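The entries below follow the order in which I looked things up.

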Amino acid sequence: MVSLINKAYVAKAKKDQDGGEDKVAQKKKVKELKVLDSKSSQNLSIFLGSNRLPYEEIKNVILEVNEKVLTENMVQSLLKLLPEEEQLKVLSEMKDEYDDLAESEQFGVVISSVKRLKPRLSAILFRLQFEEQINNVKPDIVAVTAACEELVKSNNFSQLLQIILLVGNYMNAGSRNAKAFGFSISYLCKLRDTKSTDQKQTLLHFLADMCQEEHPNIMHFPEELIHLEKASRVSAETLQKNLDQMGKQIKDLEKDIETFPPPQNEKDKFVEKMTISFT
């Protein structure tokens with residue numbers, strides 16, 4: 001009985017020793033980083049592990065601008081996690097050491113062969129986001145355009161402006177502002193600030209009462225301006241800023257296309273696809 005216990009103990013001890021040696025061997029297999037720092041390498045490795053695509057395939061989908069594989073999130077991650085240009089240049093010269101490199105640096109060796117990599121990815125990201133950007137600004141543009149067209153076509157609103165001009169000229173009779181042919185649209189906002197001598201009635205109230213009594217049809221002008229409320233909520237500054245930004249991105253892309261190097265192989269469809277997208 002004692003002999004059996006001793007044999008079992010020896011076998012377990014040997015197994016534990018072998019297991020320990022295996023762990024030491026595994027640790028020895030961890031490849032030392034030669035170009036990237038540990039944090040950058042770890043983040044890039046996490047990205048590569050989550051996508052589970054061969055490095056060569058990732059390179060090819062970028063060259064092909066393959067939107068079936070390339071997603072907005074994937075391109076954003078690549079732009080954020082890719083090694084710096086100088087690091088990619090160093091990695092591109094380490095093809096002969098490929099097997100000795102860590103996985104993140106092996107990926108860097110493969111992807112470094114793509115010419116103008118980051119400008120490509122930035123342009124691809126713009127292409128992927130373009131429809132969403134259009135959809136974000138389109139409702140505001142439609143609302144403002146429709147409201148402007150309704151203002152121009154509204155006979156009742158036009159008559160209201162004529163009455164406001166007539167009353168203004170009457171009030172300014174004898175002054176240098178008399179007999180005006182028009183007024184700034186911003187003046188409409190001041191109608192409620194102009195009050196009677198007893199401060200009990202504003203010019204806006206006076207005009208409303210007069211139109212109600214003498215020109216009742218004019219009071220229906222809001223019915224001709226159905227998009228006005230929605231258009232009033234649009235920030236012209238924000239809308240213009242978004243349009244300017246999109247315009248700049250398109251111009252930058254046009255310049256990139258004009259100066260982009262010839263396709264590096266038959267898979268390189270960048271210029272072709274980008275030209276078709278934004279011509």
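**Entry 1**

I began with Arg127, which counts as partly exposed at 21% relative accessibility (buried means under 20% relative accessible area, exposed over 50%, and partly exposed in between, with a 1.4 Å probe and protein chains only). I note here that the model is predicted, so that local features need pLDDT of at least 70 and side-chain atom pairs count only at pLDDT 80 or more, while totals for chains, interfaces and linings use all residues. Residues are numbered from 1 along each chain as its sequence is written, and side-chain values use heavy atoms, with hydrogens and water left out.

I then looked for the partner of Arg127 and found a salt bridge with Glu67, whose closest N and O atoms are 2.0 Å apart (a salt bridge is a side-chain nitrogen of Lys or Arg within 4 Å of a carboxyl oxygen of Asp or Glu). This pair links distant parts of the chain, since Arg127 sits in helix α7 (residues 117-153) and Glu67 in the loop between α3 and α4 (72-81), 60 residues apart. Helices here are DSSP runs of H or I with at least four residues, strands are runs of E with at least two, and both are numbered from the N terminus. Glu67 is partly exposed as well, with a relative accessible area of 36%.

**Entry 2: other salt bridges**

Searching the whole structure, I found eight salt bridges. One of them joins Arg116 to Asp256, with the closest N and O atoms 3.5 Å apart. Arg116 lies in the loop between α6 and α7 and Asp256 in helix α11 (residues 236-259), so this pair ties together parts that are 140 residues apart in sequence. I list Arg116 as partly exposed at 32%, and Asp256 as partly exposed at 21%.

I also looked up Asp268, which forms a salt bridge with Arg120 at 2.8 Å between the closest N and O atoms. Asp268 is in the loop between α11 and α12 (270-278) and Arg120 in helix α7, 148 residues apart; both residues are buried.

**Entry 3: aromatic rings**

How many aromatic pairs does the structure hold? I count four, taking rings of Phe, Tyr and Trp (its six-membered ring) as paired if their centres lie within 6.5 Å, with planes under 30 degrees apart stacked, over 60 edge-to-face and the rest tilted. For Tyr55 and Phe107 the centres are 5.5 Å apart and the planes at 75°, so the pair is edge-to-face. Tyr55 belongs to helix α3 (residues 55-64) and Phe107 to helix α6 (residues 103-111), so the pair ties together parts 52 residues apart in sequence. Both Tyr55 and Phe107 are buried.
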